[in-house]
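Me: I'd like to go through some structural labels with you and see what stands behind each one. Could you take my questions one by one?

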Amino acid sequence: MKFGVIRFPGSCDEVDALSACRRFADAELLWHADRDLHGADAVVVPGGFSYGDYLRAGAIARFSPVMESVEAFAREGGPVLGICNGFQVLCEAGLLPGALLPNVALRFVCRQVEVVVENPETPFTRACRRGERLSVPVKHTTGRFYAPRIAEEQVVLRYAPGHNPNGAMDDIAGVCNEAGNVMGLMPHPEHAVDPFTGSADGGRLFESLATHPGLGRSRSSLVGA
Amino acid sequence: MSPQAAAPHRELGLTDAEYEGIRERLGREPNALELAVFSLMWSEHCGYKHSKKLLRELPTEGPWVLMGPGENAGVVDVGDGLAVAFKVESHNHPSAVEPFQGAATGVGGILRDVFAVGARPIAVLDSLRFGELDSARSRYLFDWAVKGIGHYGNSIGVPTVGGEVYFEAPYEQNCLVNAMCVGIAPRERLIRSAAAGVGNRVVLLGARTGRDGIGGASVLASAELSDGDASKRPSVQIGDPFEESKLLECCLELLERASLRSLQDLGAAGLSSSSSEMASKGAVGIDLDVSRVPLREADMEPFEIMISESQERMLCVVEPEKLGEVLALCERWEVRATPIGEVTDTRRLRVFDGDEVVGDMPVEALVEACPLYDLEPEEPLESVYPDPPARLRGEAGPDEALVALLASGGVASKRFAFEQYDSIVGSRTVRRPSDADAAVLMLAPDGGRGALAVSIDGNGRRVACDPYVGSLEAVLECARNLACVGAEPLGLTNCLNFGNPEKPHVAWQLKRAVAGLRDACLALGVPIVGGNVSLYNEGGEGPIYPTPIVGMVGKLPDPAALPRIGFAEAGHTIALVGPFAPSLAGSELEKLRGRLARGLPPVDLAAQADALATVRRAVREGRLVSVHDVSEGGLACALAECCIAGGLGARVELARVEGASLFGEGPGGIVVAGPREAVESLEGAVAIGEVGGDALEIAGALSLPVSRLASVYEGAIPAAFA
C-alpha cells in the first residue's frame, strides 16, 4: 500500500505527513506540476501555506496540474485525505462540502486539542471506535468550518466540548464527502504520531488507511466497498 | 533620500571626516551612487563602527566551532556529521515604525542568514520588549509584532519554539524585536560567503528588487527614533514568506547538489553590502550590472537598485559550466535567477548600467576601511532612568504580592503570544513553549542522535541596575534554562540592544555589558559564535534599558524522559538547588513597588557553573520529574508556575533555606521535584516541601488555590486586550 503526499510551493507539513505515512506503509512525495500520481493507493493533501495562502487559502493550489489527477482519482473512489491547508484545497476543489472561514478570534492558533470520532465507518477512521477521543494539535488562521447543511454521517470528527479552537459550526473538526472516500480535517494527525512529540493518536487515521483491505497492489475503489 | 541635496553626505549620516576619508580612498569625489553605497557600508548597522573594538574582547573559539563571527551565522559541530547554525538579529527600528512587517521581515532575515550557510532552519525564537501593557501604543506594537512573527514563521513552515516578552516604560517608543533562528545541516553541505574563482558568475536569486527598504540601514537602524516616524514607513521592507519558502528549498537543493561556490543573503544595504562583503572575504573584485537586475518598478535609478533592501533575495557565485543546471533548478522551484555579474581580480566593486560604469570602489575601502571609533564611557552619577510608577502598595501582604506579580507583564503567561506561533511543524519539537524552561528539538526523527535545547534570555531592567552583573546573569539564565532539560551549551549568539553609543553613559553600559558577557562565557566555557549590535535605540524620553539578549544552543543525549516545569504527582518532594542568594534589588517586586536599584549583588561564577553541572547530570540520569529555574518574581512565582503547569498544589516551608526570600531574585536557583530519594540525594539540594493538594501553601506566608493562581497568570495578558 502506498501513500502519495502532494507538495505544492509553500506546503509546510508535507515532509511530516510523508514521515507519518511511512510509519504505516510506503509513501512518496508528489510534485504539484506532475499529473502522475505514481501509483499511489491513497493521496494526502498536506498542510501549510500553498501559494502563500494568497488570494484565499487553497484557492490557487486547487488549480495545480496534480489536482486534476487527484480529482479524477477521487471520482473513481480513491481515498483522499486533506489536512488543514489540504482540507481548504479540497473544499476549494469542490471535493468536500462547505468552506473554512477565518477563526472567530481572527488569530492564528496552535494548540493541542481533543477531537471525538463521530463516524468510525470511513476508510480514514476504521481503526477508531465511535466516541473515541484523540489528542491532536491544530494550527491555523482559517479553520472555522461552515456548511449550509451537512448530513450527520459526513461529520467524521468533532472537537470535544470546550476544545473548539476556531468557532467551527457544530464543533466540526473533520468531514467527508457523501461517498465517504474524501476526508478533510483541520487538526494535524501527522503531528500526533509519536508520544515523544505530544501524542500518537493521529496515527490511527494513517493506520486506518494503511490496513484497509480494499487498498494496496492495484488502485481500487472504496465507493460501495 | 536625495543624493543631490547640499552636503548630501550629512543627510546620509556620514560625518565630514568620514566623507574626507572616502574622497581620499577614491582619489576623487564620490558620485551619488558611490556615496550612497559608502554611507550604508560605513553605517553603524553594517560597519559596527562603535562596537567592533569592544566585540573583539569576546571569546569566540572552541574545538567544536565550525564557523564563528563574520559568517552569515555561527556554526557548531554536534557530532554524527551534523552541524547546527544559529544567530540572533534585531529588527527594532522597523518594528517601532511598522510592527507587522518589521517583525515579519526580522524573521525572514534571520532565516536567510541560517540557510545562507547551508543549514535548514528548524526553529525560531524571539525576544520582544515593549512599553507597559496599559499603553495603547505598546499593545498595538506587541499585538502586530506577534502577528508579524507568526505570519512569516508559520507560513514558511519553521516552528517558533520559544522566546520572551517584557513590558517596561523605557521601551515605549523604541520597542525591541530580536529574532533567533537555529538550523541544522550535514557538515558537508555547509558553505561560506567568500566569493571565489575569477570569471565565475554572480547570480541574484529570489524576489524582484523594488524601492522598499531604501536606506533602511542608515535611516532607520543608525539613528535615534523621533516624531514623524510614520514618514519612515517606506524605509520598512515588506515580507513575502511564500517567496522565501521557495528560495529556501531551492537554495538547499542547490547546495545538496554542490552547484554553488558561495552564497550570501541580501539583508541591510542589499546588493551593496552582500557583494562587497563576498568580495572582501574572498579577496577578489566583483562587477555587477544593475541593468540586469529584475525590478518591480521600471524607472529605478542604479543607486536605488544597489541599496534596495527588498526581501527574499540571495546572491551566489556559480562556475560558468554549472550555470545551466543552477538556472534549471531555480526554474523548477519557480525562483527567479539572474546572472548579474562576475568575479574579477580587481579587488574593486564595479557597478555597470549596461556598458556604462556608474560606480567603481575599492572593496577594501568599503569593508575593512570603515572607520572604527573608541567609546568614551563614563559611569553616570545618577541613574539614567526614572523609577517605574508604583503599582503595589508597600504594606501589601505576600498573597497580594504574589497575585500582583503573576498578573504583571513580566511574569504572566505569554500563551497569548506563543499560541499564535506554529511550534510543532517539522516534527522535532519534544518540549513546546511553557512545557520546560528551554525548547527541545530532536536532531533525528527518532531522537536517536540526541536533541538540541534552545533558549533566549535577557533582562534589560537588571542590566540597567548593573550592566556588568545584569549581562552576566543573562548568560547564566540561558545556561540554566538549558541545564533544566539536561543540555550542555555549545555556543551562544547575542544581540546588543543599546542607546546612542556616542553618549558616555550608554558607552559605559555597553562596555560593562560586554565585560559581563565575556566573563560569564569564559566561566561556562561557551564560545560566542555570532551576533548583532543594535544601537541608537532611543525615543524622545531617553535610551531604552540596556538590553543584551543571549541565545544559546545546547545538546542533550536522550530526549526520552525529560522533566517538565509542572509538578506531576502528589507526594513528590520539592527541593531548591543552586547557589541562590536572592535580593530584592532589580526584582519584579521592587518594580511593582516603584523602585529601580543601582547595583546588583556580585555573582560567584564558579559556584554557578558547578550547580548547572549538578542539575544537568541529575536530569540526564532521569532522576527529576519537574524542574524550573527561579527567575522573575522569585521563588514564590517559580513555585506558583510549577503548580499552575501541573494543576497540582504544594506545601512548602522555607525555614531550612538560608536567606530565604519569597520574591527576591538572583541567579542560580532551581526548583526540582521528584521521588524523595532522588531529590534528597541531589548534591546541594534543600528539601522545601511536597507536591499535593489544590493550593500553594507557603508556611507562615501565603495560601492560594491553584485555580486562582492559574486564572490570574493565564488571564493577565488577554485581559489587557479585552
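Predicted model: local features only at pLDDT ≥ 70, side-chain atom pairs only at ≥ 80, totals over all residues.

Me: Which residues of helix α2 of chain A are called buried?

Reply: Buried means 20 or more other C-beta atoms within 10 Å of the residue's own, exposed 12 or fewer, partly exposed in between, with C-beta atoms placed from the backbone. In α2 (residues 65-75), Val66(A), Met67(A), Ser69(A), Val70(A), Phe73(A) and Ala74(A) are buried. Helices are DSSP runs of H or I with at least four residues, strands runs of E with at least two, numbered from the N terminus.

Me: Why do the buried residues of α2(A) line one face of the helix?

Reply: Seen down the helix axis, they fall within an arc of 155°, so one face of α2(A) holds them; the arc is that of the directions from the axis to the C-beta atoms. The face turned away carries exposed Glu68(A) and Ala72(A).

Me: What makes β4 (120-130) and β5 of chain B a pair?

Reply: Pairing takes at least two DSSP bridges. Seven bridges join these parallel strands, so by that definition they pair. Ser127(B) has Glu164(B) in β5(B) as its bridge partner.

Technical notes
Residues numbered from 1 in each chain as written. Chains lettered and ligands numbered in written order.
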